[in-house]
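Please look over the sequence and the structure before reading on.

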Amino acid sequence: MDFLKSAVASAIAKSSSFPYTIGDRIDLDASIWTLSNATKKDDNSPCSIFTFDLNTQRTFVPLAKNAARKLRTIRHPGVIKVLDVIENETHIYIATEKITPLSWHIRRNSLSEETIKWGLYNVARTLAFINGEASSIHGNVRVGAVYTSDSGEWKLAGFETLSSMNDDEAMIYTYGSLVPDSNRYAPPEVASGGGWSVVKKNPLSAPDSFGLGTLLYEAFNGNFPGTDRIAQPGKIPANMVAPYKRLINTNPKLRLSAGHFLEQGKKSGSFFETPLIHIIEGADSLGLKSEEERNQFLAELEELTDDFPEDFFKIKILPELLKSVEFGGGGPQVFSAIIKIGVKMSDEEWEGKLLPVVLRLFASPDRAMRVCLLDNLPAMIDRLPQKDVNNKIFPMMVTGFTDTAPVVREQTVKAVLTVITKLSDRTINGELLRHLAKTANDEQPGIRTNTTICLGKIARSLGASSRAKVLIAAFTRSLRDPFVHARNAALMAFAATADVFSEEDCATKVLPAICASLIDKEKFVRETANKAFDTYANKIKHYAETLPDTAAPAEGAARPATPTRMGNQNDASGWAGWAISSFTNKISTAKGEMNSAPAIPVNGATSTQTRSLPVSGRATPLANPVPDRPATIRLASTTTSQRTSVETPSEAPVDDDVLDAWGEMDDDDDNFFDAPAAAKNNTSTITISTTTPFDDGGEPDFAGWLAAQNKPKAKPPLPKGLSKAANGTSLASRPAAVRTQSAGPGVTAAKKAVPVANKRPVAVAAATKKVDLKPKDDEGGDDDWGAWD
């Protein structure tokens, strides 16, 4: 019959009318209750349920009903929170907040000294309320009557014998000895044979004070051997030994009450004066504190060790801190405390509680908050979703690159290393590079240096098509920085990124840039430069070993070149021959046709004339020339693919303005093959005036020289224009020609044209031209072909 009633009770508990779903059972020490995990059906919130079987434990029915009644009537933060009490014919159910027996933690030795003191502080405060304001005796204080909530707080239960001393027939007098293990934990005056009725003759707080002493002993030592063996304190902290001995005094009238124990512990420098207890007491009123009090509170929070009760901080402290940082003016100090708590949160908890706040704080205009966010970004980045970083955080973060405060700009540059793994390729090769190009020219030398370091560390995240151009331009510019550490950082960045440059770039761009640093005024820069130089020199050396011995065509395919002396101008393969060949080959690779353009009318007359660039590299005379009239040449538009000989595939599109922001390898306008701005447009118009005598500034006539070289003569004469007449004047019997200059590798169509003037019609076969051999100042800089020394 009893089994049937138990089955019926279980069915009722699982029925739809029962508001809770009972789950796994939790082991308890000796108790009249069974404890189970449960879930509230309304909102699926977790809870716990104490169950008492009326049929199988009829002897303890008065104790169970007293506990249910007292738990509903006594409300205190230190008492477990009761959600509901359900009683039927077979069972009594007490639904409470989610709790765990304290004995579990003590047996696993998982509590720190700070946490135990905090727990004892809560229990003592609760007992002081029960003995004082409630004028009652708990009568069952021990480890089995204490539970921990989800927040880690110690909560008092075990109200089976809780009795008010105002009642003549108090429960404890009659049923005190029925509590399981009561004799083991009973005070000496009760255990000696006087029974619980002797409590009438002693102070009201005496039984609970002794129980608090047994709780203190078991919490620090992990077990309770019995009332006759607890005189030795064991592992109890030294500053708590004296009050502990007063709690377990065999004379009940000399025992220290829970209230007095609490007061002694809160004295300056005493055992309850800990940062943890101070923080717990001050957290509830954090929003109402003054700035000085809040700073003191946060200072104490910083002093906490990593073994603080994390559950309590997540549930109790964290919400108060979040409200303070968002609405209470808590500032960066509060946010640092939030991050410290968030480290021990699960990913789900972090995303639900902290992520929304972090996103809102990044939109804050407060500089101090922004710097704090950037400083703590490494601790948060693994918890931040990539989509939120790329689409929400980074767009707000880039405002720091142009902020007027240098500290904000510097922290923003440093934060790039943290967020780079969460950014898309388009963002990295677009907006990020544009902003780093600005900070690379920042007025603050430290920011310029950090930008160089940043680029070196994110080099492998850049797009392959733009990586070499951006890095070489940035590092080369830093090598000319007057700030010594910026130069050193550039050399170190070059050494660290040697693998991202091609061998051709290493030999033609990187090594020449490093060489100047080999004689830097600072010794440590020279040492760094030597290391970087050796790195690239070894790379080029290994690459050169893989190259063939010669690139000349096979025997019989072409006439081998005959080596000549430097001054021998009869052989085009000499020292000047390779230069001219390079020049003519670049012109021959130009694509597109020349477009004719109407001539500029003179004196009301019009005339059209066309001029073309021959692929041989020599200038062609004008067709049907008209004396004293300017001639116009219009270059055909060339596409990007025509201008560049090799196109490198790109993983991510890079805007032209991003690359333009970094400039060329140097900014001194000394690139030999730089084309003028006009030649970079789709169409370029070059006006050649025929009214001004041609003056080549003493430069040799390369076109005429090439023509002379191509004539099959045994002893070809010197090219016209390089010889002198007998009367001391230059021979000028050659036709007028358009002199073109190579615009550099990969650029098609003659991008530079040197004006050529003719005073006579080109049709005249032997026009004379005076060549001034006197050196004159070079106005074109290194971009002209006039430097022969």
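Is the crossing of α17 and α20 left-handed or right-handed? The crossing of α17 and α20 is left-handed, a term used if the near helix is turned anticlockwise from the far one by less than a right angle. This is a predicted model, in which local features need pLDDT of at least 70, side-chain atom pairs count only at pLDDT 80 or more, and totals for chains, interfaces and linings use all residues. Residues are numbered from 1 along each chain as its sequence is written, and side-chain values use heavy atoms, with hydrogens and water left out.

**Helix pair**

- Helices here are DSSP runs (H or I) of at least four residues, and strands are runs (E) of at least two, numbered from the N terminus.
- The axes of α17 (residues 367-375) and α20 (residues 406-419) come within 9 Å and cross at roughly 25 degrees; axes are lines fitted to C-alpha atoms, for helices over the stretch in contact, with angles from 0 to 180 degrees between N-to-C directions.
- The two helices α17 and α20 are therefore roughly parallel to each other (angles under 35 degrees).
- Contact (heavy atoms within 4.5 Å) involves residues of α17 including Arg367 and Leu374, and residues of α20 including Val408 and Gln411.

**Sheet**

- An open sheet of five strands has the order β1-β2-β3-β5-β4, with antiparallel pairing (at least two DSSP bridges between two strands).
- Because β1 (20-26) and β4 (82-87) each have a single partner strand, one side of each lacks a neighbour in the sheet.
- Strands β3 (residues 46-53) and β5 (residues 91-96) are joined by six bridges, and Phe50 has Ile94 in β5 as its bridge partner.
- Helix α2 (residues 61-73) lies across β3, β4 and β5 and runs at about 145 degrees to β4.

Terms used. Angles under 35 degrees count as roughly parallel, over 145 as roughly antiparallel, 65 to 115 as roughly perpendicular and the rest as oblique.
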